[in-house]
Amino acid sequence: MEQRALKKMVESIRKTVKSFKKFEVECLIRLFYSLVGCPVGKMDNTGLDCNTFRGVLQNIFGMTNDMLMNRVFFVFDKDGDGYVNLEEWIKGLAVFLRGTFEEKMRFCFEVYYLNGDAYISQEKIFDMLKSSLFQHSPEEENEEGVKDLVEISLKKMDYDNDGKISFADFEKAVKEDGLLLEAFGPCLPDAKFCFHFEALVFKNNPPASL
């Protein structure tokens, strides 16, 4: 019964996610249900809540910034119901693990402008830089330094000089200098963590016959 349900889920997800092989999708489904804490195909709750998801980001992908981990959760949670469901989980991991440069660029931009008007405002830049650079330092000492960094960021990335960064601004800046992809804080896992994740989840789980 479980194998039949698993096969159906794999076939459904593979229609929209092409970057994983069938057995890799199966492994990600099994991991998802393991994290949720119920048998494959039988789920009483809706998916991964924010705390569980943050645990994955921290313990598996090496992320540590509280603000950005929350933002990554909300970008994964496309339907905004407060849970990352199975499809959102696999589509998000497709960007993390196999995403093109363009997909990762769009993902980072979404993390940075979260819940806004599709622009990265000065206020958001300030909050993210402060959170990323000065997590454990007294606030008063860093205010001016962060403001200076915001000004530098806008001078480098705000091509139309409107005081905020649009996707067109972000795309142009990142294509000119790839280091600006995560200019306002890390929201993608390092390659070494992706490698370890794939080795753990895929290579240690040989494909089953679906």
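Start by selecting Cys27, which counts as buried at 8% relative accessibility, where buried means under 20% relative accessible area, exposed over 50% and partly exposed in between, with a 1.4 Å probe and protein chains only. The model is predicted, so local features need pLDDT of at least 70 and side-chain atom pairs count only at pLDDT 80 or more, while totals for chains, interfaces and linings use all residues. Residues are numbered from 1 along each chain as its sequence is written, and side-chain values use heavy atoms, leaving out hydrogens and water.

Cys50 is in no disulfide either, with the nearest cysteine sulfur, that of Cys187, 15 Å away, and a search of the whole structure finds zero disulfides.

Next, select helix α3 (residues 50-59) and helix α4 (residues 66-76), which pack at an angle of about 115° with their axes 10 Å apart. That angle makes α3 roughly perpendicular to α4, a term for angles of 65 to 115 degrees. Now show the side chains of the contact (heavy atoms within 4.5 Å): α3 brings Cys50, Phe53, Arg54, Leu57 and Gln58, and α4 brings Asp66, Met69, Asn70, Val72, Phe73 and Phe76.

Finally, move to helix α10 (residues 191-203) and pick out Glu198, which is buried with a relative accessible area of 18%. Leaving aside residues up to four places away in sequence, Glu198 touches Leu97, Arg98 and Lys203.

Terms used:
Axes fitted to C-alpha atoms, helices over the stretch in contact; angles between N-to-C directions. Helix = DSSP H or I, 4+ residues; strand = E, 2+ residues; numbered from the N terminus. Parallel < 35°, antiparallel > 145°, perpendicular 65-115°, else oblique. Disulfide = S-S within 2.5 Å.
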